[in-house]
Amino acid sequence: MKLLSLALVILVGGLFIAATADFPHWGDPASPASRHVSPRYIEKTMEETSVPNIVTAVLADYRGYDTMFETAVVFTAGVACFLLLRRRDPRPEPKRVYRHVATGVIVEMKQEPAKEPSPSVFARIDDDWVPHDLIIMNVCRLLIPFIQLFGLYVIAHGHHSPGGGFQGGVILGASIILLALSWDLRTAMNRMAETATGLMSAVGVFIYAGVGALCLAMGANFLDYSSLGPLMFVDPIHARSLGIFFVELGVGLAVMATMVLIYKNLASEGHLDQGL
Amino acid sequence: MDMTQYIPVLLTKYNYWVYITLMMIGLWAMIAKNNLIKKIIGMSIFQTAIILFYVSIGAKYGATIPILSHGHGGAHEAAVRAVDYINPLPHVLMLTAIVVSVATLGVALALSIRIHRRYRTLEEDEILSQLREQ
Amino acid sequence: MSEHFPALLVIGPLLAALVISIAGWLRPRLCLPLAFIGVGVAALAATGLLVQVLASGPMGYRLGGWDPPWGIYYFVDQLNAVVAAVVAWVALVNLVASHQAIKADYDGKQGPFYTLYVLAVTGLLGMVATGDAFNLYVLLEIASLTGYALIGMGSSRAPMSSLNYLFLGTIGASFYLLGVGYLYIVTGSLNMADLATLLPPLYGSLAVMAAFAIILVGLWMKMAFFPLHAWLPNAYSQAPGPAASLLAPLMTKVMVYVMIRMMLSVFTVDFIAMQALLQQFIVWLAVAAIVAGALFALTQRDLKRMLAFIVVSEVGYMVGGAWLGNRLGMTGAVLHLVNDAVMTFCVFLAAGCIFHKVRGTAFEDLQGLFKKMPWTMAALAAGALAIIGVPPTCGFFSKWYLIRGAIDAGQWVFVVGLLFSSLVNVVLFFRLFEIAFFEPMAEGHGHGGHGHAPAVALAEAPLSMLLPLIAAALGLVALGLATGPLVKYVITPILPAGLV
Amino acid sequence: MIWQIDLAVLILVVICAVGALAVKDLVSAAILFGAYSFLMCILWAVMGAVDVAFTEASVGAGVSTVFFLAAVFRTSRRSKD
C-alpha cells in the first residue's frame, strides 16, 4: 500500500512538473496574471475606495462577497465543532479538586460537595492538574491586555498596513486561548462564557451580511458600500472605506469567537469543564 | 556536459517544483499514513503547498508589497503604476484559502476526537480491525 | 426587486442561518420556523429566477456593484435556474419532512443542526448561481464542511466515514482550487465568462490541459465518480436520515452541474471536441462506474447502502452522457441531473421514514413493511420505478435521451452499460419488495429490544414525513410528463451551437 | 525578492514537512508543523505577500498548532508511524 501510493504520488508529481513547462517565468512582471485583471486594482484602489492597502480593498470590497463566505466558513467550522463535540452529560467520575487559595494546599474530593465552596477561598482546578507556574501565569496575565490591544490595532489599521479582520480576530482569539493555556479553561470560561462565544461568532458574520443587506435596502447591489454614503454623511468613496471597516469589525468578532469556541471544544472534548 | 543552460530554467521554475514536492509529500501522507493525526498534518501541508503556488503566481521582480506607499494627502497625485506593485489578487484569494484550511482542520480534529471517544485509538488499522470484529 | 433574485437566492438562507444560530442560544424553539423562512425565501427566489430567466433570458448580478472580471459576478441562465430551483425545493420539502426526526434525534442541538442545514443549502445554491471560479471554491467548502459535520452526527461509525470523506473531499476541493490557479496563471482571470474568451488561443498549452485534468479529477472526487467513489457509500448510508436525504440527492448533482458548467461555459465544446481520446476514456470510465455501482449494490444487505451504490451508478450516467459529445447526450445528462435529484431524494426520504419507525434499514428489518407502512413503501416503489426507468416516471425519459445519444455517438458500450444497470436495478428492487411484501414480520422483532410491542412500534410514518414523501413521488411522474417543455425551453437554449 | 533566501527557506520548509510526518511523537509533530508554518510565513513575506504571511503566522503557526496540541492531548500522543 505504501509503495503503491508512493508510486502514484511520484507519477502525479511528475505530471505536475511537466505541466509547469508552459508556465510564465516566476516573478515575470509581464505574465498574464500580472497584466490582465490586477493592474486595475493597483491603479484604481486609491481613487475608488481610498484604501492604501490594496489587499484589504480587494478582499473586503472588490471581492467582498468571497470574504463574506470565508467568514461564513469559519463560522461553519465553529458550529460544526460544537455540534460534533459538545456534550452535556457529566464525566464518568466527578472527582473535584480544589486549591486553598491562601496556603496553596490541594484538596481532592471523591464526591460532589454538598455546597460549592467560595471560589475566593477554595478555587476549583482541573483534576489532571499541573502545578501552577507563578511566572508563566503572571507574565501571561500581564501580556494578554497588550496582545488584545495589538489585535484591535491590527483590525483598525488594516486599511494602511498588513492586517485586517482575520489577523486581528485570530490574535484576539489567541489571547483568550493563551489565558486558557496559562491559567485554566475555567478561568477563560469565566471571562468569556460559552453562550457569549456562540452569539459573537454568529453576530460577527451577521454584521458583514447585514452591511451587505443594508446596501440592498438602499437600492444598490448587495455589498455595494458606496450606497451607504447618505447614511453616514460621507461621499461614496469614503463610504466604501468605512464600509470596509465595518465588515472588518464583523470579521474580527466572528473569527475571534469562533477560534475560542473551537479551542474550548477541542481542549475539553466538549465538556467545557477543564482544558489542557 | 554543459549544465549552465539549465540554470535559467531552474531559476524561473524551481518555486513551482518545490510546491509540487510539498503537495506530493502531503498527498502521500494522506494516503499512506496510518495515524489519523498524521493524515491531518499531511492534509494541512497539502493545502499550504497550494497556497505557496498561488503566492508564487503573484510574485513580481522589481516590485514592492501591495500597499501604496503614502497615506492621506496630496502625495498620491503621482500616478500609480501597476508594475511597481506585486499582484494583490492571489494574496486575497489565499487569505481565503488559509482560513478555509484552518476551518477544515478544526472539523477534522473534532471528528478525530469523536473517533477516539469510541475506539480509544487513532491508528487506522486498529480502528478497522475493531470495525471488523463487530 | 426581481433584479436582486440571484443575490436573494443565497443571501436569504445565509442570513437565516445566522439568525438560527443566534436563536439556538437564546430561543431554541424559533429555530425551525426560521429555517423554514430561510429555505423558503431561497425556494421563492429560485422559482422567481426560473420564471424570469425563461421569460427574458439569462440574467447577471454584479455583487458589490463591480463590473466583471474585477468583481464577483453571478450569471444565471436556464441551466443554473432550473438546478437552483430543484435544489431549493428539494431542501425545503426535506426540511418539512425531517423536522420531526431532527427533533427526536438531536434535541438540545437543534440550533446548530438547523444552522448547518441551512448553510449547506446556501453553499449548494451559491455554487449553482456563481459565475466566478474562485467564489465557487469558497461555496464548495461551505457545502462540504457542513456535510462533514452533518454526516459525522450519524450512527456510531459515522465519524470515521465522515473523516474519510473529509480527506477525499479536501483533496478534491484543493485540486479544483489548483486547477483554477493554473487557469489564473495562464490567463490572469477568474471570471468564467472572461476565461472562456481568454482561453481559446491557449488550447494547445500544456498548462491548460493540466488545469482541465486537475479540475475534472477534483470534481470527480467530490461527485464520487467511479474509481474515486470510495467515500460515498459509507458516508451516505451512515449519515442521519435528514442529512442523507439532503446531501445524497443534491451534493453529487450539484458537482455534476459544476462539471457541465466547466465543460460548456469555461472550456467550451471546441476544447472538449479536441480531446477525442479523453472523451473515449471517460465514456469507458462512466460505463465502469455504472456497472460497478450496480454490482456493488447487488451485494448489499441494507437498503441505505444499496441506495448509496445506486447513486454511484447514477453519477456514471450523467458523466457519461455529458461526455458523449453530442446534443442528445448532453440533453440526457442535464435532464437526468434534474430527474435524479428528485428520485434519489424520494428513495432516501423513504429510507429515512423507514428508519424513523423501524430504527434500522437492513433487509431483515424490512420484512412485512408493505402491510405496516403501505404509503411509504408505495413511494419507495415509485422511486424504484423511476430509477429503473419505467414510463411515465421521469427516469425513463432521461435514460431514453442518454441511450439515443449513445447510439448517435456510436458508443455501444454505454448503451449496454445502461441497459445492464437498468436490469440490475429491476433485480435489486424486486428482491427488496419481495422481502417487504411476502415475508412476514419476524416474531418479537423490534430494534433495540426495549420491550415495546412491534405492532405498536411499526405503523405508518407521521403525516409530516409522509406528505412530502408522496409529493416527491408525484413529482417523479410530473417531471416525467414535463420532459417535453423542460427540454424545449430549458435545455435546448443552453446547448452551444458548436455541439452537434 | 531575493531568490537565494527564497531557495534556502524552501529547502528548510521541505525538511520541516518531512520531519513533521516522520516523527513518532505527535506533540513533536505538531511543533514541527508549527515550524513549517512559520517558515512558510517567512517565504511569503520574502515574496511580498505580507498579508498572507501575517495570516499564516497567526492562523497556521499560532492557532493551528494549538488546535493540534489540544487534539493530541485529548487523544493519544504516540503514533505507530
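The C-alpha trace of chain A spans about 70 × 65 × 35 Å along its principal axes. Burial can be looked at as well: 49% of the 276 residues of chain A count as buried. As for contacts within chain A between residues at least 6 apart in sequence, 66% of them join residues at least 24 apart.

The next stop is the meeting of two other chains. Here, 41 residues of chain B are in contact with 36 residues of chain D. On the chain B side, the helices α1 (6-32), α2 (36-58) and α3 (89-119) each supply at least two residues. Of the elements of chain B, α3(B) gives the most to this side, with 12 residues.

Trp25(C) sits in helix α1 of chain C, which covers residues 5-26. Trp25(C) counts as partly exposed because 16 C-beta neighbours lie inside 10 Å, a number between the 12 or fewer of an exposed residue and the 20 or more of a buried one. Once neighbours within four places in sequence are set aside, Trp25(C) is in contact with Thr195(A), Gly198(A) and Leu199(A) of chain A, and with Gly111(C) of its own chain. Another residue of chain C, Phe296(C), is 271 residues away from Trp25(C) along the chain, and their C-alpha atoms are separated by 44 Å.

Finally, how confident is the prediction for chain C, on average? The mean pLDDT of chain C is 87, and 96% of the residues score at least 70. Among the elements of chain C, helix α5 (residues 133-152) has the highest confidence, at 93, while helix α19 (residues 454-457) has the lowest, at a mean of 46. Over residues 444-457 of chain C, pLDDT stays under 50, and the model has 11 contacts beyond four places in sequence for this stretch. Where pLDDT is low, predicted coordinates should not be read in detail.

Terms used: Residues are numbered from 1 along each chain as its sequence is written. Chains are lettered from A and ligands numbered from 1 in the order in which they are written. This is a predicted model: local features need pLDDT of at least 70, side-chain atom pairs count only at pLDDT 80 or more; totals for chains, interfaces and linings use all residues. Helices (H or I, at least four residues) and strands (E, at least two) are DSSP runs, numbered from the N terminus. Two residues are in contact if their C-beta atoms, placed from the backbone, lie within 7 Å. pLDDT is the predictor's confidence in each residue, from 0 to 100.
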